[in-house]
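My notes follow in the order I took them.

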Amino acid sequence: MKADLLKTRLVAARAVRAEGRAPQWVLPSVKAALVAADAVVACVSFLAAFYLRVGEHVVAGWSTTAGRVSWSAEFAPYAAVLLFVVPVRVLAHAYYDLYKLRGEFSYVDDCLRVFKATAVASLLIVAVAFLYRGGTAFRAFSYSRAVFVLDFAFALAAFGAMRLAVRAAQAAVRRGGVNLIPTLVVGRGAEASLCIREMRERPELGYRVIGVVENGALEKGVPETFEGVPVIGSIKDLAETIRETAANEVIVADAGVSGDVLFDVMMRVGRIRGVEFRIAPSLFNCLPRKTEIDQIGALPMIQLFREPLSGTARVVKRGTDILVASLALFVLSPLWIVIAALIKLDSKGGVFYKQERVGMDGRIFLFLKFRTMQSGSDDAAHRDYQRKYIAGQAETNLGDEARPVYKLRTDPRVTRVGRVLRRLSLDELPQLLNVLRGDMSVVGPRPPIPYEVEAYELWHRKRLDMKPGLTGLWQVSGRNRLSFEEMVRLDLFYIENWSLLLDLKIILRTLPVMLRGDNAY
């Protein structure tokens, strides 16, 4: 009976997996094309750098005796270096996984990898030029350093633009249901639900959830579907399920999965090529990276940081806040004038909206926004909604299970201009002044209203350990599609794992969120 039930449920997963599968030769062909394109770009960048700096022709003509192109006398010493340029750049790209087309990708991470690969390759090329010098033929020749600087700039711009174009094309293909990794999710809890929803709503991540695996026995009482995905097996049958569905990825999204059982399954699955396991632990329950290993007598201890940021980190973050906010104010100042004029023409009242918000350590500060509501509007509806939202009441989801929305959609208080400003998050721009005053940071948790904090549970208040931010991990990781507890967990994860690089990634990911028109807080 159990075997028949398992086989019946596997049929649905096979059918889902069969949709949108690209032929096996496509990815290798795309990778080969990328390698060839990188080789051409590397060569052209070096030639362009030489021509722009030296101003001489690269090719003298066609040598009939040798049967090949003859380099000009000026370029001949650089031609010896060119033999190293192409393979060094291609190998550097391979080392930094720039030919990886499988699974999730990030435009920010790709740009960082392109920069690292280009910089490392350029350093190696310079070393070859000034140490090898084309063998014995050009030992007395002095290479122009400007050629290598220009080559780095041209290569960085070209490789970066090409990678962004490739990723944009890949995202478009994935939104069409192609080039998605068939994935199994273990568990039927809140994390599994969030995982499935995120992958369904964002196919550009590169995953297609084809089945859910029950953490326990697959019996008649277990529902046939979870979040619209068939429940196709139990954790003990995972090895067989992977073989039957030909899944390439398994995401364990249930903290209750036994480590021994999971290890046993991985050992039995180990011989299946192309299968990867990932664990999606609860962000609130996992240990932060900022820990110290200590010892008391013979007992090893893990000491967690009491302060979210060390003294040096606070100085670095504050300095970065001032720099970014000042630059943003300077660049966007003309936009402020346009927005202010539109607000005044659209409705009566001031340009700015001031509100008390709760900052770090519970301190109250005056929060600034462009006014998007009618003057003197009553906030009773918002108070009631936020109280229910923090309590986790199901009625606060104004969407559905597939596309949850935790925000008042039809708020009659919002003006016509206000709706546009909110959709593009432009109403948040005056908070740059809060950043300069030191009340807020560019990146941080969402700044709560005092009546929201009154409804907090004790562990929710942990998010007040850091200055609130203009943008944050919550804003670029789901925003109004996340419940309150999921938002708090993301805030706590950010606080425990803060780094300057994490701030930079969040800032760079904020612009696409604004352009997509997600509602702000």
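**Entry 1: serine 122.** I listed the neighbours of serine 122, leaving out residues up to four places away in sequence, and found that it touches Arg89 and Phe152. Contact here means heavy atoms within 4.5 Å. Serine 122 sits in helix 4. Is serine 122 buried or exposed? Serine 122 counts as buried because its relative accessibility is 11%. The cut-offs are under 20% relative accessible area for buried, over 50% for exposed, and partly exposed in between, with a 1.4 Å probe and protein chains only.

**Entry 2: ground rules.** I noted that this is a predicted model, in which local features need pLDDT of at least 70 and side-chain atom pairs count only at pLDDT 80 or more, while totals for chains, interfaces and linings use all residues. Residues are numbered from 1 along each chain as its sequence is written, and side-chain values use heavy atoms, with hydrogens and water left out.

**Entry 3: the chain.** I counted 15 helices and 14 strands in the chain. Helices (H or I, at least four residues) and strands (E, at least two) are DSSP runs, numbered from the N terminus. Of the 521 residues in the chain, 44% are buried. I also checked contacts between residues at least 6 apart in sequence: 73% of them join residues at least 24 apart.

**Entry 4: helix 3 on helix 4.** Helix 3 (residues 76-95) packs on helix 4 (residues 107-131) at about 155°, and the axes are 9 Å apart. That makes helix 3 roughly antiparallel to helix 4. Axes are lines fitted to C-alpha atoms, for helices over the stretch in contact, and angles run from 0 to 180 degrees between N-to-C directions. Angles under 35 degrees count as roughly parallel, over 145 as roughly antiparallel, 65 to 115 as roughly perpendicular and the rest as oblique. The crossing of helix 3 and helix 4 is right-handed. A crossing is right-handed if the near helix is turned clockwise from the far one by less than a right angle, and left-handed if anticlockwise.

Which residues of helix 3 meet helix 4? I found Val81, Phe84, Val85, Val88, Arg89, Ala92 and His93. On the helix 4 side, the partners include Ser122, Leu124, Ile125 and Val128. The residues of this contact divide into eleven nonpolar, three polar and one charged. Ala, Val, Leu, Ile, Met, Phe, Trp, Tyr, Cys and Pro count as nonpolar, Asp, Glu, Lys and Arg as charged, and the others, Gly among them, as polar.

**Entry 5: helix 5.** I checked helix 3 against helix 5 (145-175). Their axes come within 13 Å and cross at roughly 35°. This crossing is right-handed. Tyr78, Val81, Arg89 and His93 in helix 3 meet residues of helix 5, among them Asp151, Phe152 and Arg163. The contact divides into seven nonpolar, one polar and three charged residues.

Helix 2 (residues 26-54) holds alanine 48. The axes of helix 2 and helix 5 come within 8 Å and cross at roughly 145°. Helix 2 passes helix 5 in a right-handed crossing. I get 20 nonpolar, one polar and four charged residues in this contact. Alanine 48 counts as partly exposed because its relative accessibility is 33%. Alanine 48 and aspartate 151 are 103 residues apart in sequence, yet 7.6 Å apart in space, C-alpha to C-alpha.

Entry 6: Six strands form an open sheet in the order 5-6-4-3-7-8, with mixed pairing. Two strands pair if DSSP finds at least two bridges between them. Strand 5 (225-226) and strand 8 (276-279) stand at the edges with a single partner strand each, so one side of each has no neighbour in the sheet.

Strand 3 (residues 181-186) and strand 7 (residues 249-252) run parallel, joined by four bridges. Valine 186 stands opposite valine 252, and valine 185 opposite isoleucine 251. Four bridges also join strand 7 to strand 8, again parallel. There, valine 250 has phenylalanine 277 as its bridge partner.

Last, I checked helix 7 (residues 238-245). Helix 7 lies across strands 3, 4, 6, 7 and 8, at about 160° to strand 3.
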